[in-house]
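This briefing covers helix packing, the ligand site and some local backbone features. Please keep the sequence and the structure in view while reading.

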Amino acid sequence: MPEYELLYWPVSGLAEPIRLSFVVAGIPFKDTTPLTDPEFNDRKLALHPYAPDAAGLPILVFDGKVCCQSRAILRYIGRLAQHEGAFLYPTEDPLEQLLCDELIDLSEDLRRPMSATVTSQYKDAAEKEAARHALLAPDGECTKFLKVLDKKFGESFPTKLTIGNIYAWSIVTMFRQPTFIPEIPADALSPYENLTKLHQWMSSLPAIKAYYESSQGRDNYKPALMLLLCVPRIDFTWNGPKLGGENARALPWLGAFFRSSILGGYGLPADLDREEVETSSFPDFTAEAGEEEVVGAVAAFSLCHGARALCIAEAALQGLEESKEQVLCLQRAAELRGLLLRSLAVNHPVTFFRSLALTLGVKGMAPKAQPLMQSKELMANLVSTVLSGSSALKVRRGLRSDEADDEGPGEACAALCESLVQHISKKILAGDGEDDVVAKAWTLLDDICHFAKTDVPRTRSTPLVQMVLPQAGARLAAASGRLQASGIEVESLVTCLGRNVLEKLKDLVPPLLDLALTRRQEGKQDAAALERLVLRALGALCRSLGPFLSPFLDRFLEVSCRGPKAGGPAVLQELAGELVKG
Ligand SMILES: N[C@@H](CCC(=O)N[C@@H](CS)C(=O)NCC(=O)O)C(=O)O
């Protein structure tokens with residue numbers, strides 16, 4: 001028997017009926033996808049008989065031949081492959097062949113409108129989602145053919161396997177979650193009784209069941225292994241200058257796959273945060289990756305690198321000339337980065353902070369700089385992208401109660417938060433960064449302090465205070481003209497840290513008072529806004545620590561006696577009120 005090799009994408013699509021025909025007939029074949037072959041794209045183009053004009057997959061390679069066209073390949077295999085003594089493509093009876101072909105063509109009527117949404121360009125993700133939902137609406141183009149197929153299987157339910165019913169089942173199953181088309185609703189197939197019966201029958205056939213249950217079965221790869229295979233692909237494909245064309249296409253399908261199979265289909269492994277993970281080098285997991293016990297560690301490691309890869313993709317795309325394809329990819333990268341970081345921040349904060357530390361290049365937690373990272377522009381975009389990840393912590397705050405959770409991530413997070421805060425202070429705040437990057441860094445520090453308040457044991461939040469507050473003070477001292485970089489988060493910092501601020505009072509209060517008492521040019525909008533922020537921060541200090549502010553009382557009084565100029569009467573009144581109470 002020849003050695004067969006099938007090349008296709010790591011999804012069901014047009015190759016699945018061919019794969020299943022091999023499987024049910026017990027014919028061995030090599031199932032090659034970009035996840036199993038790093039040279040996939042180059043090989044595809046070198047082998048494809050239609051290249052360079054076209055290179056649609058699947059292709060089947062055997063006996064020195066390369067064959068194209070999925071249904072021609074399927075019929076060919078169907079004439080050779082048998083199941084329970086009968087050929088999958090009936091060779092004797094032309095009428096049986098016609099019925100098989102009818103099922104194949106009918107399934108194509110169902111597949112094509114959905115397939116068109118994969119290749120079409122959309123303004124944004126919402127437009128694509130709407131287009132896909134419309135196909136499944138009561139009068140939708142796909143609904144029409146789902147109904148016809150359902151009726152056909154109702155009239156005559158198969159008694160033996162053929163390429164016709166294998167094809168119909170494979171295409172219909174693309175509409176069943178988890179699938180590589182994330183926008184398909186989970187219940188899209190529930191109205192179709194006979195298609196459900198077909199699903200039950202086909203998926204319980206021993207060969208098919210075993211195929212999907214084995215670790216080789218495409219849809220049943222363990223999520224961790226999938227990630228491991230995916231991630232280097234995302235990471236290394238997104239090599240700045242080479243973006244575009246083939247590479248730009250990789251992200252939407254990888255993304256769709258990542259979202260539906262990993263995040264949507266399987267969810268993230270529950271114990272992710274308990275794993276010991278070393279993110280500064282690439283351990284060789286592959287030798288043992290099949291072992292249950294390493295799966296958790298592989299998943300935790302891969303998710304950190306996955307988050308980093310998505311940030312890199314997003315940052316690299318920000319720096320490119322905008323083609324429609326790049327805009328689409330940028331949207332997808334940003335959407336996925338947001339989705340992954342939110343999932344991690346809410347349920348796996350240790351892995352979340354590890355991902356941030358890895359991506360920002362925190363010493364000891366990230367591999368040594370790679371060539372990719374030597375581009376200054378890319379690095380600046382990357383830092384800005386990662387810092388935006390702080391919004392995920394706000395989502396966590398919104399979903400969790402304010403009370404510290406004894407079972408929470410506590411100690412493990414505290415050490416990570418400290419490293420991050422130290423890195424941000426030294427590398428971002430102390431440097432001469434762009435104002436918006438500095439503002440984002442402050443926002444992240446603020447979010448980390450909120451997190452520390454509820455999720456880090458009290459004893460461990462002090463170092464955070466020790467690091468953040470002097471920075472805030474220094475920033476304030478240098479802030480006069482630079483509103484964006486002025487430590488604008490001081491008010492919430494103080495509110496959130498409460499008495500933890502005490503030991504650093506001397507670093508924080510004098511610069512704030514200096515700023516409040518500095519005469520600024522009247523009428524300058526920036527100056528007025530800065531003054532308001534400073535007064536609000538002083539108000540917050542009075543509220544939280546009134547009795548401890550006596551060393552500064554005279555200067556506080558001076559501030560509140562100042563005319564209602566830049567700060568505005570309401571803020572001053574509030575400050576005076578707090579002083580009286582204090
Ligand atoms: N008529 C061809 C269609 C092949 C095709 O369009 N394949 C898609 C995937 S479903 C593909 O590989 N597209 C990417 C490309 O054309 O480079 C077949 O049935 O094999």
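Axes here are lines fitted to C-alpha atoms, for helices over the stretch in contact, and angles between N-to-C directions run from 0 to 180 degrees. On that basis, the axes of H4 and helix H6 (residues 141-155) cross at roughly 155 degrees and come within 8 Å. Angles over 145 degrees count as roughly antiparallel, so H4 is roughly antiparallel to H6. The model is predicted.

**H4 against H6**

- H4 passes H6 in a left-handed crossing.
- On the H4 side, the contact is made by Glu-102, Leu-103, Leu-106, Ser-107, Asp-109, Leu-110, Pro-113 and Met-114.
- H6 contributes Glu-141, Cys-142, Phe-145, Leu-146, Val-148, Leu-149, Lys-152 and Phe-153.
- By class, this contact of H4 with H6 has 11 nonpolar, one polar and four charged residues.

**H4 against H7**

- Helix H4 (residues 94-119) also packs with helix H7 (residues 163-173), at an angle of about 15 degrees.
- The axes of H4 and H7 are 7 Å apart.
- H4 and H7 are therefore roughly parallel to each other.
- The crossing of H4 past H7 is left-handed.
- From H4, the contact takes in Cys-100, Leu-103, Ile-104, Ser-107, Glu-108, Leu-110 and Arg-111.
- From H7, the contact takes in Ile-163, Gly-164, Asn-165, Tyr-167, Ala-168, Ile-171 and Val-172.
- The contact of H4 with H7 has nine nonpolar, three polar and two charged residues.
- Leu-103, Ser-107 and Leu-110 of H4 take part in the contact with H7, and Leu-103, Ser-107 and Leu-110 are also listed in the contact with H6.

**H1 against H3**

- Helix H1 (residues 16-25) and helix H3 (residues 70-80) pack at an angle of about 10 degrees.
- Their axes, those of H1 and H3, lie 9 Å apart.
- The angle makes H1 roughly parallel to H3.
- H1 passes H3 in a left-handed crossing.
- Pro-17, Ile-18, Ser-21 and Phe-22 of H1 meet Ser-70, Ile-73, Leu-74 and Ile-77 of H3.
- The residues of this contact of H1 with H3 divide into six nonpolar, two polar and no charged.

**Ligand site**

- The ligand is surrounded by 12 residues.
- The closest are Tyr-8, Trp-9, Leu-57, Gln-69 and Ser-70.
- Ser-70 is also one of the H3 residues in the contact with H1.
- An N or O atom in the side chain of Trp-9 is 3.1 Å from an oxygen atom of the ligand.
- A nitrogen atom of the ligand lies 2.8 Å from a backbone N or O atom of Leu-57.
- Arg-71 places a polar side-chain atom 3.4 Å from an oxygen atom of the ligand.

**Backbone features**

- Which residues does a cis peptide bond join, with omega about 10 degrees? They are Leu-57 and Pro-58.
- Leu-57 is also among the closest residues to the ligand.
- Pro-58 lies in the loop between H2 and E3.
- The peptide bond from Ala-51 to Pro-52 is cis, with omega near 5 degrees.
- Pro-52 lies in the loop between helix H2 (40-47) and strand E3 (59-62).
- Asp-63 has a positive phi, near 50 degrees, in a residue other than glycine.
- The place of Asp-63 is the loop between E3 and strand E4 (65-68).

**Around His-199**

- His-199 lies in helix H8 (residues 193-203).
- Where are the contacts of His-199, leaving aside its neighbours within four places in sequence? His-199 is in contact with Trp-169, Thr-173 and Arg-176.
- The side chains of His-199 and Trp-169 are joined by a polar contact of 3.0 Å.
- His-199 and Thr-173 are 26 residues apart along the chain, and their C-alpha atoms are separated by 8.0 Å.

Definitions and conventions:
Residues numbered from 1 in each chain as written. Predicted model: local features only at pLDDT ≥ 70, side-chain atom pairs only at ≥ 80, totals over all residues. Heavy atoms only, no water. Helix = DSSP H or I, 4+ residues; strand = E, 2+ residues; numbered from the N terminus. Parallel < 35°, antiparallel > 145°, perpendicular 65-115°, else oblique. Left-handed = near helix turned anticlockwise from the far one by under 90°. Contact = heavy atoms within 4.5 Å. Nonpolar A, V, L, I, M, F, W, Y, C, P; charged D, E, K, R; others polar. Near = heavy atom within 4 Å. Polar contact = N/O pair within 3.5 Å; in protein donor to acceptor, adjacent residues only side chain to side chain.
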